[in-house]
Protein chains: 2
Amino acid sequence: MTGRNGGADLAPVEPSPVVILVRPQLAENIGAVARAMGNGGLFHLRLVVPRDGWPQERAWRTGAGAHRILEAAEVFASVPEAVADLHRVFATCPRPRHIIKPVLTARGGATEVHAVGARGLRAGLLFGPERAGLDNDDIAQADTLIRYDLNPDFMSLNLAQAVMIFGYEWWLAQDVSAPPPRSFQTHKTTIATKAELDNFMDHLIRACDAAGFLKNEQKRPGMVRNLRHLFQRGEVTKQELNTLHGIITDLGRG
Amino acid sequence: MTGRNGGADLAPVEPSPVVILVRPQLAENIGAVARAMGNGGLFHLRLVVPRDGWPQERAWRTGAGAHRILEAAEVFASVPEAVADLHRVFATCPRPRHIIKPVLTARGGATEVHAVGARGLRAGLLFGPERAGLDNDDIAQADTLIRYDLNPDFMSLNLAQAVMIFGYEWWLAQDVSAPPPRSFQTHKTTIATKAELDNFMDHLIRACDAAGFLKNEQKRPGMVRNLRHLFQRGEVTKQELNTLHGIITDLGRG
């Protein structure tokens, strides 16, 4: 079942979500992920601080011909930077902690990612490093969690297998009869990108710091994360963010 | 997403089909297959002529704790021996050649495998070697083909990914509300095992040889394979095989 079309011309199926590998360790696994992506018609790969740097020849060896995906891969210094231009971020995460965030199966997630793309919005999927998985700060960058429905007595997917299952569901969830994606901009409501949300979070946290609200140094990281979770819930529009910016500015003055 | 429950007690979900790796090359891939099986709740692993022998320590290293699956793996000298006690055999095969055999998707195949198990019959799945895939004789041992629905421009699954997708669909296709499996033996009709079918094929081919029907040495292998394909179609009962045995014996005498 291997390598028969390895060198095929690999064109992205648009609108294709971005696969974001967070702190991946082995270049071989990055190559295997690219191969899995090719099978599922996924094209856009981003790497957040790959341990051994990038590019790495070993990735091309395990990529089984998914060269175009690997050549187009982009490297980022942090998760916030990697998701800045995206409107929706899904985190694959085996066991949701006590976080209020929508949790979807791989199948439900694939359908949702298609729906996001059909509205002209860009989606990304976070996959954690090989051993540790995504940490709490990574997950706080996501608005939706994807939990795979698999044998709970033996839940141990490697990185490429995790990407493979999502890619498989994403391929199956395509509706070829669906209308082409259109820009989602009616009545002047526009979904904010993650960078715009991040910019607001910075503003809010600076204001909280100035007001002494986050003065407990020990509790501060968790509180900041919780605020981030709160504003990740649902799709925030640019207009709403503008309003919130205004409120914070005015409250800070008072 | 990795290794968290690697050492979990891995109990088979019954009735669980048999995963049969035909001439697998790398022990690492056998381990990765066992890991994929664990995620999908598949337990029974058979190896047909593994290239480097068996057991191989490298498989345990990539098995991520799926030790019980690897320890219980059975080795066979041929595909017919590996499927002898099975009632239904599915071959995963990316591009069906011109063969009249039912072709299912992974999702459809998983449902069918569950239905087979619910009738008290045993099913197996053939996966080909890493590069070459299943050959024509391997495929002739199967009664049903499974073709994965994936990006046709880049169809390049590795062995563990192929097993992972089937295992994933198999896990999802479980119906916990389904009645426990019962023996399928009503009105004295019993589905023949592959060994019983093979025994009949031997009888038929010997009779054909004796009658001079297969005397063209060049065409013989293809003709034998076609006969095998014919009798793989649908489920043949033991009673039907007995009748066919009788016919051949009598015709040979005449």
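The legends below describe close-up views of a predicted model.

Local features are given where pLDDT is at least 70, side-chain atom pairs where pLDDT is 80 or more, and totals for chains, interfaces and linings use all residues. Residues are numbered from 1 along each chain as its sequence is written, chains are lettered from A in the order in which they are written, and side-chain values use heavy atoms, with hydrogens and water left out.

**View 1. The open sheet of chain B.** Seven strands, listed as 7 in the order β3-β2-β1-β6-β4-β7-β5, make up an open sheet in chain B with parallel pairing. Helices (H or I, at least four residues) and strands (E, at least two) are DSSP runs numbered from the N terminus, and two strands pair if DSSP finds at least two bridges between them. The edges are taken by β3 (74–76) and β5 (103–104) of chain B; each has a single partner strand, so one side of each lacks a neighbour in the sheet. Strand β2 (residues 44–48) of chain B runs parallel to β3(B) and is joined to it by 3 bridges. B:Arg46 has B:Glu74 in β3(B) as its bridge partner.

**View 2. Helix α5 on the sheet of chain B.** Helix α5 (residues 106–118) of chain B packs on the sheet and touches β4 (88–92), β5, β6 (123–127) and β7 (144–146) of chain B. Contact here means heavy atoms within 4.5 Å. The direction of α5 makes about 165 degrees with that of β4(B); axes are lines fitted to C-alpha atoms, for helices over the stretch in contact, and angles run from 0 to 180 degrees between N-to-C directions.

View 3. A:Trp54 and A:Pro55 are joined by a cis peptide bond with omega of about 0 degrees. A:Pro55 belongs to the loop between β2 (44–48) and α2 (57–62) of chain A.

**View 4. A:Arg23 and its salt bridge.** A:Arg23, a residue other than glycine, has a positive phi near 45 degrees. A:Arg23 forms a salt bridge with A:Asp135, with the closest N and O atoms 3.5 Å apart; the term denotes a side-chain nitrogen of Lys or Arg within 4 Å of a carboxyl oxygen of Asp or Glu. A:Arg23 lies in the loop between β1 and α1 of chain A and A:Asp135 in the loop between β6 (123–127) and α6 (136–140), so the pair ties together parts that are 112 residues apart in sequence. Relative accessibility is 29% for A:Arg23, which counts as partly exposed, and 33% for A:Asp135, also partly exposed (buried means under 20% relative accessible area, exposed over 50%, partly exposed in between; 1.4 Å probe, protein chains only).

View 5. The closest N and O atoms of the salt bridge between A:Arg58 and A:Glu28 are 3.2 Å apart. This pair links helix α2 to helix α1 of chain A, 30 residues apart. A:Asp85 forms a salt bridge with A:Arg46, with the closest N and O atoms 2.9 Å apart. A:Asp85 is partly exposed, at 35%, whereas A:Arg46 is buried, at 4%. Salt bridges that share partners join A:Glu28, A:Arg51, A:Asp52 and A:Arg58 into one network.
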